[in-house]
Every structure is written in C-alpha cells, then in structure tokens.
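Here is a short tour for anyone who likes to see the numbers next to the atoms. Have the viewer open and follow along, from the fold to the interface and then to some individual side chains.

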Amino acid sequence: MARRSASILSRLLANPSSPFIAPSRSITYMPRPGDGAPRTVTLIPGDGIGPLVTGAVEQVMEAMHAPVHFERYEVRGNMRRVPEEVIESVKRNKVCLKGGLATPVGGGVSSLNMQLRKELDIFASLVNCINFPGLATRHENVDIVVIRENTEGEYSGLEHEVVPGVVESLKVITKFCSERIARYAFEYAYLNNRKKVTAVHKANIMKLADGLFLESCREVAKHYSGITYNEIIVDNCCMQLVAKPEQFDVMVTPNLYGNLIANTAAGIAGGTGVMPGGNVGAEHAIFEQGASAGNVGNDKIVEQKKANPVALLLSSAMMLRHLRFPTFADRLETAVKQVIQEGKCRTKDVGGDCTTQEVVDAVIAALE
Amino acid sequence: MSRRSISLLKNLRNITNGSKIQTRSVTYMPRPGDGKPRPVTLIPGDGVGPLVTNAVEQVMEAMHAPVYFEPFEVHGDMKSLPEGLLDSIKKNKVCLKGGLKTPLPVGGGVSSLNVSLRKELDLFASLVNCFNLPGLASRHENVDIVVIRENTEGEYAGLEHEVVPGVVESLKVITKFCSERIAKYAFEYAYLNNRKKVTAVHKANIMKLADGLFLESCQEVAKKYPSIAYNEIIVDNCCMQLVARPEQFDVMVTPNLYGNLVANTAAGIAGGTGVMPGGNVGAEYAVFEQGASAGNVGKDTTEEQKNANPVALLLSSAMMLRHLQFPSFADRLETAVKRVISEGKCRTEDLGGNSTTQEVVNAVIANLD
C-alpha cells in the first residue's frame, strides 16, 4: 500500500502551492503509452449550488478539450444512502468530482459525505489555503495545507441516549488510522518540498485519545529527519492562526479539529469559495470544494446563480494532475488565477457582483 | 437559584464597551455592610501565573480596594486540589486565579486541575468578552463578541478508555440539564446587558443526538426572550465567518469544545489572549482568570524576562470587583487599564512592545485617579 500511496502522492505533486505565473515542477512527466486516453470521471452534482458549479467545471473542461468525460449521477443530501451504482461507478473510475451534499440537521439521516468517505476508505482530506494575488485579505503570507483524518474521530456517528435528557457521543481514535494519516502528511510534505509539519491536538484534556494520535505522529516523524515536526494544542492553534498564520506549513489533525482549522485557514486566506481540496484514499479520490463539503449555499445564491466556481475549478485542476494530465491542469490553474488577479469578474462572496456563468466565461476566455 | 443568578448576572453587567466612559443604567444603592473588605481566594498558579497575580495585588493595594487575598499554592502537576483550597473558595465565594498548566500525558494519571476545579464548584458557564481595545491595532474592526461556553460536560468529560490496544474511545456527554442552564444563562446575560443577538454554535448535522439536544434546549429558552434575536450556526462555518466578518456575532453560546476554540479564535482576532478578560461563573461561586487560555502559562522565556501581559487578569479582576459589588473601584481600574493600552507606550511583547510586567503595572497605577 505504501508504494501505491507514493504513486498517488507523486501525482498530487506541485499542487496550487507554487507561485502563480508559471508553476515549475520538479518532476518530469514522461508520457506513457496509453496516457492521454480519455478518462472517465464520476460526477455528482449534489444539492443547492452543486449543479451550478459542477456545470461550470463541465463547461471549462469541454472548452479545454480535456481528455475526461463525466458520468453523471444524481445524489441528493436527503437520500438515505448513496446509491449502489454511484459507489460502483467510483470504484470503477477511481476518481470522482463532487458538488456539495447538504447534510440535514436533526435525527434520522446520516451524512452522505461521511458515508462516501467511509465506504471508499478515503482517509485523508486535504485543503490548501493560500493567498491568491489580487484577492485582498487581512492576512498575508498564508500558505497552509491542512491534512485531516477523514474517517474516524468525532464523526463516527455513534451516539445514543442513555436516559432521557443525557446523550453520549463516542469519539474513536485508532492507531491504524492515526498512523496512516501521519504517514500521508509526512509523505506529502516530503514530496512537495514542505519544511514543517504541525500536529494539532488536545491531548492535555483527552489524554488517551489525542495522546494516541500524537504518539503515531511522533513515530512517523522520526523517519523524516529533513522535516521539522512540532505539536500545538488546538485552542492555541486557533489563536495563532488568526494572529500569525505564516508560522504554519502543513498541519495534520484528527477529524473535528481539522474541520474547524481548515475552515478558519480557508477564511483567512480568502474564503471557502476559492480554496481547492480533495479527499484521497489508497485507491480512490474524490475532489470537491476545499473546506465546507456540506455547504450548499443558501437559496438566494441558487436563484441568482451567483455561486463561486473557483474552488471547484481549482479542485478539478488537482484532479487533472491526479489523472496525470499535467498540462491541462496547468492551463486551467493559470487561467483561473489570472481571472482572480484581474479582479473584474468576482462573485459575491469575494466582493464582486458577477454570476457563475460570467466567471466561467472569463476563465474560458483566459485559457490559451 | 434563579434569583441568585440574576443578582450575580447584574453584577457582571457593563463589562463590555471599551471605547466610551462607562454609562451604567443601574444605580447602585450602597447597602449597610457593603464596602466591607471581602476576602478573595488567590491562586497564583504556574509559569507566568505568579507574575500576573502579583500585578493584580499591587494594583489592588494602590487603589485601596476593599479586597484582601488569601493565597494558595497550587501547581499544575499536583494530583488533586489541596484540601484547604475548596473550603476557602466555598467560604469566600470568589476566586482569582493565574494559569494552571495541564501536563501533557506521560503515561496518564493526572487530570487537568482547571477542569476539576470547575467541576467541583459546578462553575457551569465560562464567559470571555472579546472586543477591540482602542489603541490596539488588530486586523479586524468592530469586534465585540461574548462567548459563553458550557464548562462542565461535553467533550471534556474525561471519560476515555482503550477498548483494545490501538483503539481508544472518548465519550462526549451532553445532558438536557446542563444545556438548558447554559442557554438560560446566555439569554439572561444578553437581556441584562442590552445585547441584541444570541448565536448557538453546533455541529448537529453530524452529531445529531448530542448537539441536537443542545440546540433543542437553546430553542426552548429562546422562545422566552422574544426581544433577542436567536440564530444557529454550524461550527465550521462559524470559524470562517469569525475571521471573515466578525461584526455579525454578538453573544455566542456553545458547548464545551467548540467554545474553547471559538473563544480563542475570537480573542485572537480582537487582540490576543493576553488582553481579554473572562470568568467562570456558577450558581454560587465564581472564579476569575485570564479570558481564553486558562492552561496557557507562557513560555519559559516570558517567565524569565518577566514580560507577561497582565492586562487580561487586570480586566478580569475588574469583573471580579463588579461581581463583589464594588462598581466604582471596577470602573477606576478599567479606565486606567484602557488608558494605558490606548496610549500605547507601555506594552508587553505579545502586543508588540517590549515593556516588562512591572512597567505596565506602574503605568496602570500611575493612571489611577
């Protein structure tokens, strides 16, 4: 499995962490026979703004003549389970692109996002939060990759009501999962030339659970002597994130803290509307908008069609790299970043007034 | 109990609003016996704790405030709280505390003394008031958030066990009783302090039963306060909104873990945990300490160079003075501290200056009038 993950990781190399004009890759992609053949990708439009932004991606892919074609499946957030055919399709294609699936609040239905991740054993969620030139934010020099354990932790979904009025919720941490997320994080840092990995925890209160997580991280850290490793308690981490975000590089966290840290980091770097992200497992990968997978926008945005497609466009660029189409990925990223930098076409969440379609047209025009 | 909490809450009023002269809308009639010196338990704590509590003692003396301190030695690595300490707090009803360092597990066994103190005294509400101090530049403007956090249950129940080697389970317990009382506290606080909005922070889409119970309690209590706007926000979206547009939040009520993170984030955007006041309040007792990071006892370099920031504990002791019904002393202390901050000449390292703790204390004492 380690060999497999190394190859997957080398494909995820040189993500939008490099400077923006012309990414300079340090691996040469030798085209193998059979590469360039069109690949099938499962597409799940999702709820709310999902269909809008995945439509945007499809348009851009067509305009680029990218060698992917999409198999579309309708999944709604209030279905009881993800349909079997969808899971079969993802297992066959190995790659999926997904809009948001809204998770209804209240009892009865479990989160379909979580279910997909558990069935396909997609254990790592990656969000790259980085300042885009041209997009003004209050914090400078932000370049943080949050690697979050995706399957266990607080999101096990194991709850029960002991007596009326008292509810217990289980948080499960296992050595197996902690070790593999730590190994993923360090391997990612190593392959992407990152200097530091920070483990985020609350082991002073949850001694056994987060203590186990920390032990696993420390063991893996010993194998990577070229990468600095340190640990930070999660409440201090939140404060440091808003005070001095430049001190963080790669952060590895359990499930819940990772969710909050990823959202905070995305917020300081420009908003969840522009941050790319992906969920990666040993065999499958699902690419979706970076930090808020359950955020499907409010009804007003759906009506006015003003959702921000940038996050999903950049995630699909990550997907293209994963599928070994680096030139297409580079073209797409350059075009999107050019549109952001020009600043003429921006949707509401980053301060402009354009609709999704206008942003898509601008990106297509910027493709060369 | 509710009558008691109302009087306690009235005394915690008017902690906010840094930028203007305090205008109180309640007239304090001195009752016979008021103004008598009150004893307050003092716990210096670890690390920079003794430094900052000493700062408070100096300022209290300079003001001739009618409090006197009963110090107790407690260190973070003690196995349990010393016996005399709990009796003293139960007698005095008020405590001022520096930080107690919670040791990272080296084989387990020692639990957090901060948390056990809160549990024994049933201090169910933790309050952190995060607001922009004039003169202290931060990246976010118009921040005035009060984070009210449930203090006794939730993820910090401390119930963990290793099922099989390599698999650990940790229990998060949410009860209707505790959720209801924290919701009642939050709404009553908002009502008495003229706050417009209460926001409940949760993750009930994933943890449906646990956070669902918390939300139900908040919704029930919200019905009784029709003049206060109530809304709910999922915690990951909340973190992002906090750093993007913090002016939309007013009072936030949260369970234990989310409250910890939200309070620290809010403190960070408003100027840092070195300046935010906070307190832990129960039905009968109150413990005042630095706002957001109770376990943060500073680095060794800060302790050596003696430039820990005393502002947070000074503002928390002003809250304490109000709680003890000495409002004029509280006002004098707050005005002095805010004047020192807005002048900006004397600031410790975490705010960008390089004064020592003692210099800040001297500046505050000089500004008392």
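Chain A of this predicted model has a secondary structure of 12 helices and 12 strands. The chain has 368 residues, and 62% of them are buried. If you take the contacts in chain A with a separation of 6 or more, 78% of them join residues 24 or more positions apart.

**Where the chains meet**

Now bring chain B into view. The contact takes 54 residues from chain A and 54 residues from chain B. Between them, the two chains bury about 4,800 Å², and carbon and sulfur atoms account for 67% of that area. On the chain A side, A:Arg138, A:Lys207 and A:Leu260 supply 14% of the area buried against chain B, more than any other three residues.

What about polar links across this contact? There are 21 residue pairs in polar contact between chain A and chain B, counting pairs with both residues at pLDDT 80 or more. The count of salt bridges between chain A and chain B, on the other hand, is 0.

Which elements of chain A give two or more residues to the side that touches chain B? They are β6 (159-163), β7 (166-174), α6 (207-222), α7 (234-243) and α8 (255-269) of chain A. Strand β7(A) gives the most, with 9 residues. Sorted by class, this side of chain A has 25 nonpolar, 19 polar and 10 charged residues.

**Aromatic pairs**

Next, the rings. Over all chains, the structure holds 12 aromatic pairs. One of them joins A:Tyr184 and A:Tyr188, and this pair is stacked because the ring planes meet at 20°, with the centres 6.5 Å apart; the cut-off for stacking is under 30 degrees. Both tyrosines lie in helix α5 (residues 175-191) of chain A, 4 residues apart, which is about one turn of the helix. A:Tyr184 counts as buried at 5% relative accessibility, and A:Tyr188 is buried too, with a relative accessible area of 1%.

| Ring pair | Centre to centre | Angle between planes |
|---|---|---|
| A:Tyr184 and A:Tyr188 | 6.5 Å | 20° |

**A serine in chain B**

For a last stop, look at B:Ser317, which is found in helix α10 (residues 311-323) of chain B. Is B:Ser317 buried or exposed? Its relative accessible area is 0%, so B:Ser317 is buried. Where does its side chain reach? The side chain of B:Ser317 comes to 2.6 Å from the backbone oxygen of B:Leu314. Leaving out residues up to four places away in sequence, B:Ser317 touches B:Val56, B:Met60, B:Leu96 and B:Leu333.

Technical notes
Residues numbered from 1 in each chain as written. Chains lettered and ligands numbered in written order. Predicted model: local features only at pLDDT ≥ 70, side-chain atom pairs only at ≥ 80, totals over all residues. Heavy atoms only, no water. Phe/Tyr/Trp six-rings, centres within 6.5 Å; stacked < 30°, edge-to-face > 60°. Buried < 20%, exposed > 50% of the residue type's maximum accessible area, 1.4 Å probe, protein only. Contact = heavy atoms within 4.5 Å. Buried area = accessible area lost by both parts, 1.4 Å probe. Salt bridge = Lys/Arg side-chain N within 4 Å of Asp/Glu carboxyl O. Polar contact = N/O pair within 3.5 Å; in protein donor to acceptor, adjacent residues only side chain to side chain. Nonpolar A, V, L, I, M, F, W, Y, C, P; charged D, E, K, R; others polar.
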